[in-house]
Structure formats: structure tokens, C-alpha cells
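My notes are below, in the order I made them.

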Amino acid sequence: MSHIIINGKKNKSNDPCISAYDRGLTLGHGLFETILINKGSIPLLGYHWKRLVTSTELIGIKLPFDLLELTNMINELLHENNLTKIRVALRLTITDGISERGLLSNGNQEPTYILSMSQLPDNITKSMTAIIVDTRRNESSLASRIKSISYLDNIIAKREAVSKGFDEAFLLNSRSNLAEGAISNIFIVKNNHILTPPIIDGALPGVTRHVILNDLVLDDIKVKEQHINTDMLLDADEVFITNALLGVKPIHMINNKLFSNEFQITNLISSSLKEQFNCI
């Protein structure tokens with residue numbers, strides 16, 4: 001039987017743990033982080049922590065633990081579930097807690113937080129397909145800048161993509177610029193330049209995205225944010241997606257457009273992340 005941690009206490013994963021009056025359940029007032037753990041190492045935890053601090057401030061939730069306490073809880077759960085020697089997905093969910101009925105809480109309640117873990121399969125997928133879906137990203141919404149537990153648009157977009165035989169859904173925003181994937185950030189490669197949609201176009205500030213934009217050491221390759229329309233996307237030399245668990249995945253087909261399967265720049269990004277940040 002696996003275990004989770006809820007509000008600092010260890011529970012069996014199948015034990016009841018959420019109140020019917022929790023604002024995450026009733027109103028979707030909360031967010032989550034999905035974090036890669038690689039054989040006991042948490043390579044990008046500091047980046048996730050910074051995003052968590054920023055996101056909770058944006059939606060008015062006070063963090064009930066600090067980074068050290070979070071690290072200790074993660075390590076406790078790793079050992080309790082005997083997951084220290086494999087690849088693991090950690091999910092941290094935090095909500096505005098239990099409150100009386102009404103859109104706004106009284107502000108005095110304690111947040112609810114849950115840590116859960118699951119084993120990740122070997123990351124062996126070579127490349128993926130994507131389709132531009134009908135669902136649009138509202139780039140002006142605050143929700144586009146956090147990993148909200150209100151994930152309905154992403155679910156609908158992903159269902160559309162999978163129903164049409166594709167792996168990932170690409171969402172445009174209200175101005176028909178590329179925003180993000182249902183579960184990923186999107187990058188295109190053109191003439192040895194790497195471009196990714198800016199946050200103002202509805203791109204989630206992903207952790208792997210941040211590392212590639214700001215901290216990954218690359219010789220003679222420029223990475224920058226830029227508005228990307230569908231013509232630019234389909235005219236790219238390479239396209240790849242990123243998220244914390246997948247790492248970097250090349251896209252070999254978008255809609256009915258096939259791309260080169262050499263993935264020279266994409267593979268360079270992937271190998272550089274592995275070497276410099278232990279992201280596998």
C-alpha cells in the first residue's frame with residue numbers, strides 16, 4: 001500500500017482525505033506542481049519552488065511550509081514508498097482549504113496540501129505527433145500563468161487530439177498566436193534559432209521552459225520568446241515540446257505536415273539538459 005502526505009501527516013493513499021467543503025474541490029481554487037525525481041535526486045526542485053511561491057501569491061494562498069520542510073516531506077515519502085532508486089513523478093497539490101459556502105472565503109482557513117508519488121515508466125518515446133485543436137487559450141486570464149487545478153480546457157484539448165489519433169494538442173490564443181500544448185510548452189527551431197511563445201501569449205511558465213530560456217548553456221544557438229503564428233509553426237525546421245516529466249520530445253508531425261526526423265537541435269537540447277541538470 002502506497003502512502004501520501006496530507007497537511008504534513010502521512011496517510012495511506014486510499015484513505016479519505018479531502019473535505020466536501022474544500023475550496024479546491026468545490027471551486028477549483030488551487031494549483032499543483034508535477035516534479036521529476038530521478039533515483040532520489042530532485043534536479044529542478046528550486047525552480048518548482050520559485051514558481052510555487054509566485055503562483056500561490058497570485059491566487060491568494062499562503063504556503064504552509066518552506067523549501068526545507070517540503071524537501072524533508074518528499075524524502076520521507078520516497079523512503080516510505082521505496083521509490084529511491086527509480087524515476088518518480090511527484091505531484092504537489094495545494095488548495096485554499098476548507099471554508100463555508102460562497103465564492104470568497106473568510107481568509108482565515110488553513111490551506112490543504114497533498115503530496116503523492118508514482119513510478120514513471122522508462123522515458124523511451126522517440127518522437128510525438130500534434131494537432132492544432134479548436135480549444136483556445138485565454139492569454140489575458142491569470143489562470144494561464146499558473147498550473148491551476150481547474151484543468152478543463154487542457155483536458156478537452158487533449159481529448160480532441162487523442163480522438164483524432166494525435167499525441168498532443170497545440171492551443172492557439174484569442175489572437176491566433178501559438179500558446180502552448182495541453183501538457184507542454186512548445187518550441188520551434190528555425191535557422192539555428194530556438195523560439196517559444198511568450199507568457200503574454202498564454203504560455204504557462206514551465207520549469208523546463210525556464211531552464212532552456214535562461215540557464216541552459218548552448219554554444220552558438222540563441223533561444224528567445226517570440227510571437228508564433230501557425231505559418232511559422234508549420235514552416236519550422238524542427239518542433240519540440242517540454243514538460244517536467246517528459247523532458248524534451250521532438251514532434252515529427254503537426255496536423256498532416258511531416259517534419260524531418262533528424263532532430264539535430266532538439267537532440268542537442270535534450271542531451272544538454274541531461275548533462276547540465278540531470279533531467280532524464
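**Entry: before starting**

I reminded myself that this is a predicted model. I looked at local features only where pLDDT is at least 70, and I took side-chain atom pairs only at pLDDT 80 or more.

**Entry: aromatic pairs**

I asked how many aromatic pairs there are, and the count came to five. I opened F32 and Y151: the ring centres are 5.3 Å apart and the planes meet at 75°, so I wrote this pair down as edge-to-face. F32 is in strand β3 (residues 30–38) and Y151 is in the loop between β6 (128–137) and α4 (152–163), so the pair ties together parts that are 119 residues apart in sequence. I also checked the cover on each partner. F32 has 6% relative accessibility and counts as buried, while Y151, at 24%, counts as partly exposed.

Next I took W49 and F65, which form a tilted pair with 6.1 Å from centre to centre and 45° between the planes. W49 is in helix α2 and F65 is in the loop between α2 and α3 (67–80), so this pair ties together parts 16 residues apart in sequence. I found both W49 and F65 buried. Which aromatic cluster do W49 and F65 belong to? I traced one that is formed by W49, F65 and Y113.

**Entry: E33**

I stayed in strand β3 to look at E33. Is E33 buried or exposed? I read 2% relative accessibility there, and under 20% means buried, so E33 is buried. I then looked for a polar partner and found the side chain of R51, in polar contact with the E33 side chain at 2.8 Å. Leaving out residues up to four places away in sequence, I listed H48, R51, L52, L90, R91 and L92 as what E33 touches.

**Entry: T56**

I moved to helix α2 for T56. T56 is buried as well, at 2% relative accessibility. Where does the side chain of T56 reach? I found it 2.8 Å from the backbone oxygen of L52. I recalled that an α-helix has 3.6 residues a turn, so residues three or four places apart point the same way. Beyond four places in sequence, I noted contacts from T56 to L31, I61, L63 and I94.

**Entry: helix α5**

I wanted to know which residues of helix α5 (residues 207–214) are buried. I got V207, T208, R209, V211 and I212.

**Entry: K257**

I went to strand β14 (residues 257–258) for K257. K257 has a relative accessible area of 30%, and I logged it as partly exposed. Its side chain reaches the backbone oxygen of L234 at 2.3 Å. Setting aside neighbours within four places in sequence, I noted L234, D235 and H252 as contacts of K257. I also took the C-alpha separation of K257 and K147, which are 110 residues apart along the chain, and got 30 Å.

**Entry: positive phi**

Why did I check phi at all? Most residues other than glycine have a negative phi. I found N7 with a positive phi near 50°. N7 sits in the loop between β1 (3–6) and β2 (9–12), and I put it down as partly exposed, with a relative accessible area of 39%.

N255 also has a positive phi, about 55°, and is not a glycine. I placed N255 in the loop between β13 (247–254) and β14. N255 is partly exposed, with a relative accessible area of 26%.

**Entry: surface patch**

I found a nonpolar patch of about 360 Å², made by L27, L103 and L104. L27 is in helix α1 (residues 23–27). I checked the exposure of L27 too, and at a relative accessible area of 40% this leucine is partly exposed.

Conventions:
Residues numbered from 1 in each chain as written. Heavy atoms only, no water. Patch = residues over 30% accessible without salt bridge, like charges linked within 9 Å, V, L, I, M, F, W, Y side chains within 5 Å. Areas by Shrake-Rupley, 256 points an atom, 1.4 Å probe, with all protein chains shown as cover. Salt bridge = Lys/Arg side-chain N within 4 Å of Asp/Glu carboxyl O. Helix = DSSP H or I, 4+ residues; strand = E, 2+ residues; numbered from the N terminus. Buried < 20%, exposed > 50% of the residue type's maximum accessible area, 1.4 Å probe, protein only. Polar contact = N/O pair within 3.5 Å; in protein donor to acceptor, adjacent residues only side chain to side chain. Contact = heavy atoms within 4.5 Å. Phe/Tyr/Trp six-rings, centres within 6.5 Å; stacked < 30°, edge-to-face > 60°.
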